[in-house]
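Hello,

Here is the structure I said I would pass on. My notes on it follow below the display.

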Amino acid sequence: MSDATSSTTGKRRVALGVSGGIACYKAAEILRRLQDRGFDVVVLMTPGARRFVTPLTFGALSGHKVYTDIFEGDNEGADFRGAFDHVFLAESTDLFLIAPATADCIARLARGIADDFLTTFHLAVRSPVVVAPAMNTRMWEHPAVQANVRTLVSRGARVIEPEAGEMACGTVGPGRLADVAAIVETVVSVLDRPRDLEGRTILVTAGPTFEDIDPVRYVGNRSSGRMGYAVARAVRQRGGEAVLVSGPTALEFDGAIRVRTTEEMREAVMDRVVGVDAVVKAAAPLDFRPRNPASGKIKKSAGLEVRFEPTPDILGELGRRKNGAVLVGFAADTERHREFALEKLRAKNLDLIVVNAASGPDSAFDSDTNRASLIDATGRSEDLPTMSKEDLAHRILDRVAELLRHD
Ligand SMILES: Cc1cc2nc3c(=O)[nH]c(=O)nc-3n(C[C@H](O)[C@H](O)[C@H](O)COP(=O)(O)O)c2cc1C
């Protein structure tokens with residue numbers, strides 16, 4: 001049986017991609033620590049990595065062939081199967097870790113370039129992807145690198161932020177490869193994540209909406225969109241298909257449907273809701289819009305008095321039209337009102353409501369963390385501690401997956 005076809009040990013397999021930075025020498029330690037945790041590790045090296053360390057080290061440690069050249073396929077077999085190692089290895093991989101990931105390698109991954117074994121394999125593999133960048137501080141902070149990292153995150157990759165510290169080039173600052181133990185722990189936690197949304201489609205809404213007062217002025221709110229984007233990423237990480245409808249935000253998500261007003265969000269959602277398994281409505285669309293937006297810019301001297309009218313109630317409409325889909329809503333209030341949330345849950349025909357604070361130290365708005373309670377239609381309430389929006393997204397999806405199983 002070919003090495004690439006399956007793990008001959010019956011263990012879960014990590015494909016360790018090594019690209020050409022000075023931190024290459026740490027990849028051997030990562031390999032060993034992954035083996036300690038019971039993984040079968042196969043190494044893929046970029047041409048750059050081969051300038052720093054030889055495949056011999058990784059081959060000897062892993063007990064496997066080291067994949068470095070896309071064209072070196074083994075010709076001995078009559079069927080040339082070795083030539084497709086990048087495909088067979090992808091099929092037998094449980095997680096793809098790139099550590100260290102250079103700026104160049106990250107750029108090629110973000111663009112979908114396939115000019116060596118590692119990057120071709122990246123397009124073929126369907127397992128979770130974890131990326132541990134390492135580079136000089138100025139390189140790490142370059143907008144091009146940051147944009148490429150955001151692209152990978154938006155596709156569901158887990159990026160392990162580099163640490164601050166002194167680097168081989170003498171610079172002090174962020175860019176040093178994350179601690180080996182932290183990388184290994186991340187691999188374990190990502191692999192322990194359930195793939196319970198495979199075959200499921202989840203519609204997610206995120207961000208604020210904007211409503212015009214005149215052609216240059218508008219009203220909005222402080223929603224950053226981070227919660228909804230975290231849910232959409234988490235859906236992908238759990239093997240599901242995420243359809244993200246987003247109000248105006250600076251965040252990125254491959255394939256996001258961008259809208260501006262509450263009415264546009266309503267249309268985008270209603271166009272796509274048929275056939276989805278669940279809807280997570282994390283957006284904070286405006287409840288009111290100016291009644292008569294001016295067609296020309298209102299002069300300062302004229303003063304400004306705006307009369308508002310209600311916008312469409314997207315959640316209420318979804319509750320009436322959900323047709324078996326699991327419906328999750330959010331309640332943000334200046335206090336964590338359980339009664340208010342329960343009332344909303346019932347009025348809108350929700351299956352689950354996420355209650356979070358809209359002000360104070362635990363405010364979910366424009367923040368990386370959230371402290372929430374989850375209340376379901378039976379009235380069961382779970383008070384969660386303050387956690388990252390990514391972790392909260394998974395806690396919400398745990399409940400969605402549970403509700404889908406009981407469908
Ligand atoms: C001594 C030396 C150290 C380097 N260290 C890094 C590094 O830590 N991170 C990085 O992104 N690039 C680093 N580079 C630049 C990469 O090696 C270069 O971009 C190369 O094209 C990467 O190749 P790869 O994508 O095939 O791995 C270094 C180059 C040299 C010569």
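In strand 1, Arg13, Ala15 and Gly17 point one way, while Val14, Leu16 and Val18 point the other way, and all are buried. Buried here means that 20 or more other C-beta atoms, placed from the backbone, lie within 10 Å of the residue's own; 12 or fewer counts as exposed, and anything in between as partly exposed. In a regular strand the side chains alternate between the two faces of the sheet. Strand 1 covers residues 13–18, and six of its six residues are buried. Helices (H or I, at least four residues) and strands (E, at least two) are DSSP runs, numbered from the N terminus.

Two points about the source. This is a predicted model, where local features need pLDDT of at least 70 and side-chain atom pairs count only at pLDDT 80 or more, while totals for chains, interfaces and linings use all residues. Residues are numbered from 1 along each chain as its sequence is written.

Next, the neighbours of strand 1. Two strands pair if DSSP finds at least two bridges between them. Strand 1 pairs with strand 2 (residues 40–45) in the parallel sense over six bridges, and alanine 15 has valine 42 as its bridge partner there. Strand 1 also pairs with strand 3 (residues 95–101), again in the parallel sense, over four bridges; in strand 3, isoleucine 98 is the bridge partner of glycine 17. Strand 3 in turn pairs with strand 4 (residues 129–133) over four parallel bridges, with leucine 97 opposite valine 130.

Taken together, five strands form an open sheet in the order 2-1-3-4-5, with parallel pairing. Strand 2 and strand 5 (158–159) stand at the edges with a single partner strand each, so one side of each has no neighbour in the sheet.

Last, the ligand. It is surrounded by 16 residues, the closest being Gly20, Gly21, Thr46, Gly48 and Thr102; a residue is near a molecule if its C-beta atom, placed from the backbone, lies within 6 Å of it. Helix 2 (47–50) and helix 5 (103–111) are the elements that give two or more residues to this shell.

For the chain as a whole, there are 14 helices and 21 strands, and 42% of the 407 residues are buried.

Regards
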